[in-house]
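Work through the exercises below with the sequence and the structure at hand. Each task is followed by a solution in steps.

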Amino acid sequence: MLLSLVLHTYSMRYFLPAAVMMGTAPTYVLAWGAWRLLSALLPARFYREVDDRLYTIYQSMVLFFFENYTGVQVIIYGDLPKNKENVIYLSNHQCTVDWIIADMLAIRQNALGHVRYVLKDGLKWLPLYGWYFSQHGGVYVKRSAKFNEKEMREKLRTQMKAETSMYLVIFPEGTRYNPEIPKVIADSQSFAEKEGLAILKHVLTPRVKATHVAIDTMKDYLDAVYDVTVAYEGTVDHKGQRKLAPSMTEFLCKECPRVHIFIDRIELKDIPEEQMYMRRWLHERFEIKDKLLIEFYDAKDSKRRNKFPGKSVHSKLSLKKTLPSLLFLGGLTASMLLTESGRKLYVKTWIYGTLIGCLWVSIKP
């Protein structure tokens with residue numbers, strides 16, 4: 001019975017946040033859809049401004065759970081500008097929580113609504129979310145030979161034409177670093193060796209295509225590139241071997257005490273323009289990430305482990321930035337579910353919103 005109670009308590013830690021975040025999705029989509037229709041005759045930048053505000057509300061609610069609810073300590077190294085900028089955000093990739101890390105930094109710059117992702121193509125089929133990410137300015141890409149450079153450039157040019165504020169998140173590794181799948185790591189290292197590149201231990205060999213297209217297309221629009229390295233505490237086993245980074249479920253169950261984020265702001269003038277040279281530059285940036293992570297996980301002096309070198313700041317997110325969004329979206333959803341007509345609209349939004357979204361993304365990238 002005690003074990004049952006423990007398991008029940010553990011599952012509830014995840015169930016409550018998941019129920020609220022997914023449960024408010026139809027409400028959010030309805031509000032966004034209404035604005036989309038109303039703004040159809042207005043200049044695109046008006047739609048984008050309100051869409052960014054709506055996205056800020058939803059993602060602030062998400063951050064309430066991932067930061068305030070979990071109580072995770074966010075440790076920031078390097079210089080995160082206080083003011084919002086048009087940037088490309090390049091990060092190592094190890095779990096789905098990496099998406100939320102970008103939000104954690106953006107909200108501290110009052111740029112949360114500007115976050116847009118370069119995502120693998122299969123994610124466009126996610127119910128409601130897949131379609132909306134595309135509408136918010138996200139870019140879906142296919143890997144390797146199927147990568148469509150023209151589509152990505154057109155999508156980014158449309159954003160620039162609408163004067164869209166840009167916080168474009170790219171994970172150049174193309175897939176997650178997973179110590180439980182050694183073949184992927186070995187293949188990545190073999191490729192690097194074959195190409196005469198440095199072999200990396202704690203990150204995969206980065207792919208340059210999406211990064212090059214994004215920087216080349218928006219070079220006169222961007223203020224900087226953020227090179228971000230993320231490490232989750234508690235991801236080393238008793239033998240000192242690196243473990244799988246926390247899933248969203250594990251993170252919400254408070255299994256990660258601290259997240260360490262190292263930020264390096266890079267000027268566009270310091271980045272080569274030609275793809276061949278940018279590829280080398282990007283790999284060198286990942287060599288720097290690898291050295292940081294080797295220090296974090298493998299430093300011989302145990303006192304130097306579980307932190308990056310240099311000065312750090314424990315950045316605590318105020319409830320003022322997240323709780324109002326939770327109360328607003330939660331209250332709106334609850335009021336809808338109190339009436340029979342509201343419940344029918346809610347269910348129809350899940351069903352027809354998903355069907356329309358899937359149809360839309362199958363026709364339009």
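**Exercise 1.** Find the angle at which helix α3 and helix α4 pack, and classify it.

Solution. The model is a predicted one. Step 1: helix α3 spans residues 44-69 and helix α4 spans residues 97-107. Step 2: their axes lie 10 Å apart, and the packing angle is about 110 degrees. Step 3: angles of 65 to 115 degrees count as roughly perpendicular, so α3 is roughly perpendicular to α4.

**Exercise 2.** Which residues in α3 meet which residues in α4, and how do they divide into nonpolar, polar and charged?

Solution. Step 1: from α3 come Gln59, Ser60, Val62, Leu63, Phe66 and Glu67. Step 2: from α4, the partners are Ile100, Asp103, Met104 and Ile107. Step 3: sorting the residues of this α3 with α4 contact gives six nonpolar, two polar and two charged.

**Exercise 3.** Compare the annotated transmembrane region with the secondary structure of the model over residues 12-35.

Solution. Step 1: an unreviewed UniProt entry annotates residues 12-35 as "transmembrane region". Step 2: in the model, the chain over residues 12-35 is 96% helix and 0% strand. Step 3: the C-alpha atoms at the ends of residues 12-35 are 35 Å apart.

**Exercise 4.** Describe the largest pocket: what is its volume, and which residues are closest to its centre?

Solution. Step 1: the volume of the largest pocket is about 880 Å³. Step 2: its lining has 34 residues, of which Pro172, Glu173, Gly174, Thr175 and Arg207 are the closest to the centre. Step 3: the elements giving two or more residues to this lining are β3 (115-120), α7 (182-194), α8 (209-218) and α10 (275-298). Step 4: α7 gives the most, with four residues. Step 5: by type, the lining divides into 17 nonpolar, eight polar and nine charged residues.

Definitions and conventions:
Residues numbered from 1 in each chain as written. Predicted model: local features only at pLDDT ≥ 70, side-chain atom pairs only at ≥ 80, totals over all residues. Heavy atoms only, no water. UniProt positions renumbered as here; feature names shortened; annotations may be inferred. 1 Å grid on protein atoms, 1.4 Å probe; cavity = no way out; pocket = protein on both sides within 12 Å on 5 of 7 lines; lining within 4 Å. Points joined across faces, edges and corners; volume = space filled by probe spheres on them. Nonpolar A, V, L, I, M, F, W, Y, C, P; charged D, E, K, R; others polar. Axes fitted to C-alpha atoms, helices over the stretch in contact; angles between N-to-C directions. Parallel < 35°, antiparallel > 145°, perpendicular 65-115°, else oblique. Contact = heavy atoms within 4.5 Å.
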